[in-house]
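Biologist: I would like to learn how to read charged side chains in a protein model. Where do we start?

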Amino acid sequence: MARNGIAKGKNSGHVTEQRERAVRPSRSKGKLGKRTALCREIAREVAGLSPYERRILDMIKTGGSSADKRVYKYAKRRLGSHKRAVAKREDIKAVNSKMRAKQAGA
């Protein structure tokens with residue numbers, strides 16, 4: 001807010017310069033780090049998919065017009081929230097596309 005030095009009005013008050021504030025650590029909370037991403041990738045590679053994730057993958061593969069909706073509903077029942085269900089659906093879609101790309105390349 002730029003002050004204009006006048007006692008009355010919208011920008012009233014002493015003329016000051018806006019300082020750049022340091023970024024608080026709380027702003028980066030929840031951001032996926034390199035180390036965590038690597039650990040999760042290795043765990044997924046070693047352990048593979050859980051049974052319900054395999055079922056979701058099968059639903060995606062068999063497809064159909066309402067596959068996305070069915071996958072979402074199933075994931076929501078398993079995971080408990082809309083946000084988690086949508087994230088899981090996108091994650092398993094990515095796994096499916098990665099598997100298809102691997103098969104096409106090999």
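Biologist: Which residue forms a salt bridge with R44?

Modeller: First, the model is predicted. Side chains of opposite charge can pair when their charged atoms come close. Here the partner of R44 is D91, and the closest N and O atoms are 3.6 Å apart. D91 belongs to helix α4 (residues 82-105) and R44 to helix α1, so this pair ties together parts that lie 47 residues apart in sequence.

Biologist: How many salt bridges does the structure hold?

Modeller: Five. One of them joins K93 and D68, with the closest N and O atoms 2.9 Å apart. That pair also links distant parts of the chain, since K93 sits in helix α4 and D68 in helix α3 (residues 67-79), 25 residues apart.

Biologist: Is R89 buried or exposed?

Modeller: Buried means under 20% relative accessible area. R89 has 16%, so it counts as buried. R89 forms a salt bridge with E90, the closest N and O atoms being 3.4 Å apart. E90, at 39%, is partly exposed. Elsewhere, salt bridges with shared partners join R44, E53, K88 and D91 into one network.

Biologist: Where is E53, and what does E53 touch?

Modeller: E53 is in helix α2 (residues 51-62). Leaving out residues up to four places away in sequence, E53 touches R44, K88 and I92. Its relative accessibility is 6%, so E53 is buried.

Biologist: Which residues form a positive surface patch?

Modeller: R19, R21, R24 and R27 do. R21 lies in the segment before α1 (34-47), and its 76% relative accessibility makes R21 exposed.

Definitions and conventions
Residues numbered from 1 in each chain as written. Predicted model: local features only at pLDDT ≥ 70, side-chain atom pairs only at ≥ 80, totals over all residues. Heavy atoms only, no water. Helix = DSSP H or I, 4+ residues; strand = E, 2+ residues; numbered from the N terminus. Buried < 20%, exposed > 50% of the residue type's maximum accessible area, 1.4 Å probe, protein only. Contact = heavy atoms within 4.5 Å. Patch = residues over 30% accessible without salt bridge, like charges linked within 9 Å, V, L, I, M, F, W, Y side chains within 5 Å. Areas by Shrake-Rupley, 256 points an atom, 1.4 Å probe, with all protein chains shown as cover. Salt bridge = Lys/Arg side-chain N within 4 Å of Asp/Glu carboxyl O. Lys, Arg positive; Asp, Glu negative; His and termini not counted. Charge placed at Lys NZ, Arg CZ, Asp CG, Glu CD.
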